[in-house]
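Hi,

Here is the structure I promised to pass on. My notes on what turned up in it follow below.

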Amino acid sequence: MIVPPTSANIQLAAQMLENGELIGMPTETVYGIAASLNQPEAVARIFRVKGRPEGHPLIVHLAKPEQGFDLSSDIGPYFERLASAFWPGPLTMVLPKSDRVPSVATGGLDTVAIRVPKHPVALELLSILDAPVTAPSANRFTRLSPTQAGHIDREIAEHLALILDGGQCQVGIESTVLDLTGETPRILRPGHITPQMISQVVGVDVCIAGDMDGNKSPGLHPKHYSPRATVVLCESLSADQSGLTFDAAENANQISMPKDPVAYAARLYSELQKLDDLGVDHIFIAAPPVAPAWTAVWDRIKRSAHP
Ligand code: TXA
Ligand code: MG
């Protein structure tokens with residue numbers, strides 16, 4: 001059930017999390033399936049609801065950066081600076097985990113991924129609950145992440161005690177995942193927070209995990225973010241094709257996308273969902289520029305086009 005984010009409903013959602021239920025939580029990136037970290041059985045249920053392999057670790061969401069101290073055995077030299085620069089916001093940091101984190105949340109890894117989301121509804125919920133919340137994107141394994149409450153798949157929604165409607169997610173693609181467990185900070189999943197923005201704060205170069213570097217971050221599957229329709233990358237769309245273009249739309253199934261990468265990312269999943277809902281067989285995506293500012297968008301569309 002999708003409900004408006006009134007104080008009473010946020011309070012109710014917190015109560016449900018405390019009782020070991022799952023709820024749909026809006027964030028500034030995408031909607032998540034939330035479970036309290038204090039309820040390991042609920043955390044385990046997330047994997048079944050998503051159809052997600054058990055070895056794929058979840059992101060733990062916090063109300064305040066200080067809660068991170070409890071969850072990590074060694075925050076290292078960069079965590080605090082990055083947290084004050086980018087939290088609340090779409091940066092996830094991977095740190096060595098403490099005993100406080102049940103291994104079900106980390107897919108058995110000895111590291112934990114944490115972030116403070118920026119959405120006011122998520123922040124209010126997390127502060128009322130006063131416990132960390134694990135929340136993967138609210139999509140079935142390999143499918144599109146929802147950026148509107150109504151885009152959460154029915155097969156997932158039926159397992160959620162309620163879904164808080166936080167409107168359209170502003171960032172529209174998942175957070176940047178940054179591994180802080182090695183010598184050098186390393187981007188595992190590109191996002192709105194870029195390597196340049198991170199370098200500026202930590203004062204060292206940031207490396208980028210190899211494309212499809214599946215070992216270090218088991219959730220980075222080559223096929224992901226896929227609509228039901230087959231996605232085809234192309235230079236430009238012909239007049240009869242459905243999909244995302246940079247030109248003016250030539251038919252009702254073409255969507256003219258912004259030429260700015262941040263604005264493009266904000267709409268990407270919603271527009272793919274719209275085309276999927278129209279029942280088209282193929283979605284053609286006009287290739288964006290090959291430039292650093294487009295890295296996160298490229299990452300998502302390449303995976304969505306993966307056979
Ligand atoms: O924007 C987001 O991050 C959204 C919202 C709901 O916060 N959440 C999200 O969660 O995208 P999920 O589970 O769909 O993606 C989690 C990503 C995966 O790529 C996973 O491999 C990586 O984070 N990850 C989580 N824990 C990790 C760990 N301990 N080490 C390496 N990578 C980790
Ligand atoms: Mg996901």
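Searching the whole structure, a predicted model, turns up five aromatic pairs; rings of Phe, Tyr and Trp (its six-membered ring) pair if their centres lie within 6.5 Å, with planes under 30 degrees apart counted as stacked, over 60 as edge-to-face and the rest as tilted. The rings of F69 and F79 are edge-to-face, because their centres are 6.2 Å apart and their planes stand at 70°. This pair links distant parts of the chain, with F69 in helix α3 (residues 67-71) and F79, ten residues apart from it, in helix α4 (residues 79-86). Helices (H or I, at least four residues) and strands (E, at least two) are DSSP runs, numbered from the N terminus. F79 also pairs edge-to-face with W87, since the centres are 5.5 Å apart and the planes at 80°.

Next, the strands. From β9 (residues 176-179), T176 and L178 point one way and V177 and D179 the other, and all are buried. Strands pair if DSSP finds at least two bridges between them. β9 pairs with β5 (residues 91-96) in the parallel sense over four bridges, and M93 stands opposite L178. With β10 (residues 186-189), β9 runs antiparallel, joined by three bridges; V177 has R189 as its bridge partner there. A hairpin of six residues connects β9 to β10.

Finally, which residues lie nearest the centre of the largest pocket? They are G191, T194, P292, A293 and A296, among 21 lining residues. By class, the lining has 15 nonpolar, six polar and no charged residues (Ala, Val, Leu, Ile, Met, Phe, Trp, Tyr, Cys and Pro count as nonpolar, Asp, Glu, Lys and Arg as charged, and the others, Gly among them, as polar). Helices α7 (195-202), α8 (261-277) and α9 (295-304) each supply at least two residues of that lining.

Residues are numbered from 1 along each chain as its sequence is written, and chains are lettered from A and ligands numbered from 1 in the order in which they are written. Local features need pLDDT of at least 70 and side-chain atom pairs 80 or more, while totals for chains, interfaces and linings use all residues; side-chain values use heavy atoms, leaving out hydrogens and water.

Best wishes

How values were computed: On a 1 Å grid over the protein atoms alone, a cavity is a set of points where a 1.4 Å probe fits but cannot get out, and a pocket is an open set with protein on both sides within 12 Å along at least five of seven lines; lining residues have an atom within 4 Å of a point. Buried means under 20% relative accessible area, exposed over 50%, partly exposed in between (1.4 Å probe, protein chains only).
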